[in-house]
Amino acid sequence: MSKRTTFVLAGLLIGSSMDQASAESKSGWEYPAIRGYGKVRPYPDAAARPSPDRTYKVLFDITQGAETPEKPNEGLDHVARLINTFALAGVPIERLKLVLVVHGSATPAILKDERYRNRFGNGNSNTELIQALKKAGVTLYVCGQALAEKEFEPADVNPDITVALSALSVLPLYQMDGYALIPD
C-alpha cells in the first residue's frame, strides 16, 4: 500500500469518527462509560437519580434474541445503558455489582465469532459489547440448559461468558443475595 493510500484511508477513518462524534453530540446522546453502546441522554434536573454513595446490585435476565443476526442483542445493550445512566449520575463503576444471564432465543449472542459465523454467516456483533461489559466488571452467564436446547457446546461460548448450570439457578441465587431483577 502506498503512503498516499495510507494517508487517504487514515483521513477517512478519522473523518468518519469525528462525524460520528459530532452527530452524537448534536443528537444529545452520550456514552460516558461504555463507548458506542447503551446510549443515554443527560437530564441534570431529573428525579430518581442514583446516589454516588450507594452500591447497586442488579441482575439482568436476557431472553430475547436480536432482531437480525447482524444486530447486537438489545438486552446486552440495555446493561450498557444502565452503566452509562449511572455514570451520568456520578456513580463510580466500582459501586455497580451487575450480573446477567442469557438464555432462550438470546443464547446465540454469547457465541464465539467463528461459531456464530458458522451458524449465521457473519461474525458475532455482540463480541465487542461483551468485552466492554466484562471490562466494566459485569458478571456474565449463559444458561447451560439453553446451550443444550440450541445444540451448542460450552466450547462454542465466548471466553468472557461463564456457563451456568441453568438460568433457573442463577436467577434465584442472586435474588436471594439481594440483587434487583431487571427482565428484558
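Predicted model: local features only at pLDDT ≥ 70, side-chain atom pairs only at ≥ 80, totals over all residues.
Q: How many cavities of 30 Å³ or more does a search of the whole structure find?
A: Rolling a probe the size of a water molecule over the atoms shows where empty space is left. About 40 Å³ of space lies in the largest cavity. For cavities of 30 Å³ or more, the search of the whole structure gives a count of one.

Q: Which element gives the most residues to the lining of the largest cavity?
A: The lining is made up of Phe-60, Asp-61, Ile-62, Gly-75, His-78, Ile-182, Pro-183 and Asp-184. Two or more of these residues come from each of β1 (56–62), α2 (74–88) and β5 (180–183). The top contributor, with three residues, is β1.

Q: How many nonpolar, polar and charged residues are in the lining of the largest cavity?
A: Among the lining residues are Phe-60, Asp-61, Gly-75 and Ile-182. In this classification Phe and Ile count as nonpolar, Asp as charged and Gly as polar. Sorted this way, the lining has four nonpolar, two polar and two charged residues.

Q: How much space lies in the largest pocket?
A: The residues lining the largest pocket include Arg-41, Pro-42, Tyr-43 and Pro-44, along with Thr-85, Leu-88 and Ala-89. By class, its lining divides into nine nonpolar, one polar and two charged residues. The space in this pocket is about 170 Å³.

Q: Which residues does Leu-76 contact, leaving aside its neighbours within four places in sequence?
A: Leu-76 is among the residues with the most contacts inside the largest nonpolar core. With the neighbours within four places in sequence set aside, its partners are Ile-62, Leu-100, Val-102, Ala-109, Asn-126, Leu-129, Ile-130 and Leu-133.

Q: Why do the buried residues of α6 line one face of the helix?
A: Within α6 (residues 167–176), the buried residues are Ala-167, Val-170, Leu-171 and Tyr-174. An α-helix has 3.6 residues a turn, so residues three or four places apart point the same way. Seen down the axis of α6, the buried residues line one face because they fall within an arc of 95°.

Q: Which exposed residues does the face of α6 turned away from its buried side carry?
A: The buried residues of α6 pack against β1, β2, β3, β4 (162–164) and β5. The face turned away from that buried side carries the exposed residues Leu-168, Leu-173 and Met-176.

Q: What is the phi of Ala-48?
A: Most residues other than glycine have a negative phi, and most peptide bonds are trans. Ala-48 sits in the loop between α1 (3–27) and β1, and its relative accessibility of 82% makes it count as exposed. Its phi is positive even though it is not a glycine, with a value near 55°.

Q: Is Glu-151 buried or exposed?
A: Glu-151 is found in the loop between α5 (144–149) and β4. It is not a glycine, yet its phi is positive, at about 65°. Its relative accessibility is 64%, and exposed means over 50%, so Glu-151 counts as exposed.

Q: How far apart in space are Thr-162 and Gly-144, C-alpha to C-alpha?
A: Thr-162 belongs to strand β4 and, at 39% relative accessibility, counts as partly exposed. Beyond its neighbours within four places in sequence, Thr-162 contacts Leu-140, Tyr-141 and Val-142. Thr-162 and Gly-144 are 18 residues apart in sequence, and their C-alpha separation is 9.3 Å.

Q: Which residues does Pro-108 touch, not counting those up to four places away in sequence?
A: Pro-108 lies in the loop between β2 and α3 (113–120) and counts as buried, at 13% relative accessibility. Its C-alpha atom is 8.2 Å from that of Lys-150, which is 42 residues away along the chain. Not counting residues up to four places away in sequence, Pro-108 touches Tyr-116, Phe-120, Asn-124 and Phe-152.

Conventions. Residues numbered from 1 in each chain as written. Heavy atoms only, no water. 1 Å grid on protein atoms, 1.4 Å probe; cavity = no way out; pocket = protein on both sides within 12 Å on 5 of 7 lines; lining within 4 Å. Points joined across faces, edges and corners; volume = space filled by probe spheres on them. Helix = DSSP H or I, 4+ residues; strand = E, 2+ residues; numbered from the N terminus. Core = buried A, V, L, I, M, F, W, Y, C linked by side-chain atoms within 4.5 Å. Buried < 20%, exposed > 50% of the residue type's maximum accessible area, 1.4 Å probe, protein only. Contact = heavy atoms within 4.5 Å. Arc of directions from axis to C-beta.
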